[in-house]
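Hi,

Here is the structure I promised to pass on.

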Amino acid sequence: MKKIMSLIITVFLALNFAGCVSQETKKETVSENVRVEDICDTTVSIDDIKFSELEDSQSYWNVFTHSVARGEYGYYYATFGGNGSTLLGYVDDESYECIPLCNKAQCAHNDENCDAVFKGYMQSVWYYKDFLYLIKYNNEGKAVLVQVKPDGTERKDLFEIGNIPVDSSNTYNLAFCNDCVYIYDRTGNCRLSEPVQINIRKISLDKKTDENIITSDESNVIFDAVKSYGGNIFFIYSNTEYNRETGQNVTTSDGLYYYSGDKIGKIIDKNISDYSIDVDNKIIYYYVINEGLYKYELQSKNDVLIYKSEKNSSLCQVSFDGEYLYLDNRRWCSFAMTSEFVPELWVLDTEGNVINVLDTGEANNTFFGDKDNILFEVYGRSEISGRSIHKIAYIKKTEIENAESWSEAEWQMQ
Ligand SMILES: [Zn+2]
């Protein structure tokens, strides 16, 4: 195998040198295992980005905690259900009540016979093309992607996506695009004492393709905020280090990258914490740490700072629902490790005007909701048959401009 690989590499190099391929073109061309170290010094043209017909891959959610996914008639919510299990709830658009995803009569929803109980699973859920996807940790030390029917009645192990992480059970994140799943560890190798290669792995749902679209051998690095828009994958490459003097984690981003299936490259070379893309109007909204929110119109190449960051909003996560932009500083608050900063969520129009500011102080996690309805967050705990279980709260998007507080979706266990 090694011999074959070195032969391939030799042929590849020979072709490049013989063919006078320009440096830029060479760097954009994807073969398996592109190293980020080899492409990070070049910024490629945004004119090459082609947005294909829309595919709903739910790129509006918070990428750091994917506990909520949008289904056809409501929302799925994965939370810790006690006893090493994930409990999968469902909130329908009419009642806004949260029910376990289980139809069994007389079920207490607290053991493995229940369709809503997923023992040994991550507390994350994704929805893509009429199926739910969850990640199971099996007895062989592997993480397995599991496809679940939207009513919870059937589960199918698809394939292994990697090893069980050593120090955190909720570390994998996924993005779906063109019938492939992109897998990455959202903590990168930051917490590991020795540098370990990190990657974004692409596996087609039919298992025919399995490759790393990008790798890195550097230390304290993360591939971050992997999202799918219009048939492309976008991601951030960043580095996080602990500052002993201040006791704070300092994140520095190398920029925003895109991958189209046959091209990969950096498109914005700035210290970006997060971004969101308006595919219809071809606009990238991106947040630069300590600067604020930029609006980059790809056709005119206008690139303007529309919201200037303040102390409380030095580092924000970004979401866009077609009408409003949302900025969330929860990650900044947890990085800064000081009570000086208040967890808040800003609602902005597309010109950067602040429409509303919502208190998220009681939230464990903030989730950005979808276009039609509501905005989710985990909110405190409720006691249910002796178990302490998180619940979610929401604000309807129709009320987003004037809302002051969150409504809670109460669990209905019967
Ligand atoms: Zn049940």
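**What I found**

Let me start with an open sheet of four antiparallel strands, in the order β14-β15-β16-β17. Strands here, like helices, are DSSP runs numbered from the N terminus (E, at least two residues, for strands; H or I, at least four, for helices), and two strands pair if DSSP finds at least two bridges between them. The edges of this sheet are β14 and β17 (264–268), each with a single partner strand, so one side of each has no neighbour in the sheet. On average, neighbouring strands are turned by 35° against each other, direction ignored; the axes behind that angle are lines fitted to C-alpha atoms (for helices over the stretch in contact), and angles run from 0 to 180 degrees between N-to-C directions. Strand β16 (residues 248–259) runs antiparallel to β17, and four bridges join them. Leu-256 has Ile-268 in β17 standing opposite.

Before you read on: this is a predicted model, so local features need pLDDT of at least 70 and side-chain atom pairs count only at pLDDT 80 or more, while totals for chains, interfaces and linings use all residues. Residue numbers start from 1 along each chain as its sequence is written.

For the overall picture, the protein has four helices and 29 strands. Of its 414 residues, 41% count as buried, where buried takes 20 or more other C-beta atoms within 10 Å of a residue's own, exposed 12 or fewer, and partly exposed lies in between, with C-beta atoms placed from the backbone.

There is another open, antiparallel sheet of four strands, ordered β10-β11-β12-β13. Neighbouring strands here are turned by 20° on average, direction ignored. Six bridges link strand β12 (residues 198–204) and β13 in the antiparallel sense, and Ile-198 has Ser-216 in β13 as its bridge partner.

Next, a hairpin. Strand β18 (residues 272–278) has six of its seven residues buried, so the rest of the structure largely encloses it. β18 pairs with strand β19 (residues 283–288), antiparallel, over six bridges, and Ile-277 is partnered by Ile-284 in β19. Four residues lie between the two strands of this hairpin, and Lys-282 takes a positive phi near 50°.

What about the core? The largest nonpolar core has 109 residues, and those with the most contacts inside it include Tyr-76, Phe-235 and Leu-327. A nonpolar core means buried Ala, Val, Leu, Ile, Met, Phe, Trp, Tyr and Cys residues joined through C-beta atoms within 7 Å. Strand β14 (residues 221–229) gives the most to this core, with six residues. Leaving aside neighbours within four places in sequence, the contacts of Tyr-76 include Val-68, Leu-88 and Tyr-127; a contact means C-beta atoms, placed from the backbone, within 7 Å.

Two more residues to look up:

- Gln-123 sits in the loop between β5 (117–119) and β6 (126–128). Gln-123 counts as buried because 23 C-beta neighbours lie inside 10 Å.
- Leu-358 belongs to strand β25 (residues 354–359) and, with 22 C-beta neighbours inside 10 Å, counts as buried. Not counting residues up to four places away in sequence, Leu-358 touches Glu-344, Leu-345 and Ala-403.

Cheers

Terms used: Two residues are in contact if their C-beta atoms, placed from the backbone, lie within 7 Å.
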